[in-house]
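Please open the structure in a viewer and follow the selections below in order.

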Amino acid sequence: MPVGHFPLSRPRRNRHDAATRRLVAENSLAVDNLIWPIFFTEGTDTVTEVASMPGAHRVTLDRLARHVEPAARLGIPALALFPVTPTEVRDERGTEATNPDNLMCRAARLLKQEFPDIALIGDVALDPYTSHGHDGLVKDGYVVNDASVEILVQQSVNQALAGVDIIAPSDMMDGRIAAIRRALDSNDLTNTRIMSYAAKYASAFYGPFRDALGSGSMLKGDKKTYQMDPANSDEALREVEMDIAEGADMVMVKPGMPYLDIIRRVRDTFSMPTFAYQVSGEYAMLMAAINNGWLERERAIMESLLAFRRAGANGVLTYFAIEAATTIRETLGR
Ligand code: PBG
């Protein structure tokens, strides 16, 4: 056989066995990279599965500590808190968002006391509290910017005072990061971090989440006048740049899997701590296929999460956090 007939370079050599594959792996997923979004409600002693999110639950406050215990045991660094506000306390202006004793604040105080080492991330937007389901105030059918920011600022301070460590504005109003930063600082909350939902798209993939919160059926119209157009990518960089300039400590891209290109551009351009949200619709798609036997459960879940790391994300908000952390701890032993 003449020399040179076969390739000298054979990329397959590095794939020959598991030990070598581990040595050359460029990315990995650790428990440190996982953030678990949780839903909680008023009432007692009740755990309900979200119909469109099999395996994800809404729990009453008295069950919250038990619900979160696995996250603490597995060492998940952060939780993202989502209150399911009863319809009766919703109003046009989302007033309940600023109530120091609202469901969100009670949950934050409880979790801070039970699990002081877990970081609490508080979503800031009015949609859990408004009767129309929008993230801001509606005037003549339009979600107005500056008046919304004023309430979002109060909502942020309210959450931070209750023990939320990381304020995560998901409302996409202009200028809200600067306004929130100033308000936190003037309330002696200089160490409260801001993780901005900087590039958040008007996406069809939030449907199951709105079911989980009960805001889906209330939503009048859509969120296209404030959330981004899925057609755009350069605009995401401008949004992220502004939020960083306004004081964001970490930035987020949302949804996740259909927007891996945005995560990569954001990470390459700004080198900021960058997070991705594997949203409810992505979870629902994977679970539907898994429950039909069309995808292998563990492999599909872990591959979907590793993809975010490869795209440049520091961490991922995922409803699979407990399952993925369990797999990492038990199967991979790290
Ligand atoms: C609230 C908010 C939404 C999500 C996170 N924060 C819904 C929306 O913007 O309508 C979606 C999360 C998910 O789908 O998992 N503004």
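Begin with the buried residues of helix α4, which pack against α3 (103–114), β5 (119–124), β7 (142–143), β8 (166–169) and α5 (176–186); contact here requires C-beta atoms, placed from the backbone, within 7 Å. Helices (H or I, at least four residues) and strands (E, at least two) are DSSP runs, numbered from the N terminus.

This is a predicted model, in which local features need pLDDT of at least 70 and side-chain atom pairs count only at pLDDT 80 or more, while totals for chains, interfaces and linings use all residues. Residues are numbered from 1 along each chain as its sequence is written. The protein chain has a mean pLDDT (the predictor's confidence in each residue, from 0 to 100) of 96, and 98% of its residues reach 70 or more.

Next, select residues 146–162, helix α4. Of its 17 residues, 12 are buried, so the helix is largely enclosed by the rest of the structure. A residue is buried if 20 or more other C-beta atoms, placed from the backbone, lie within 10 Å of its own. Among those in α4 are V149, L152, Q155 and N158. Just after the helix, G163 takes a positive phi of about 115 degrees.

Then move to β8, where I166 and A168 on one side and I167 and P169 on the other are all buried.

How values were computed. The expected span of a helix is 1.5 Å times one less than its number of residues. Two residues are in contact if their C-beta atoms, placed from the backbone, lie within 7 Å.
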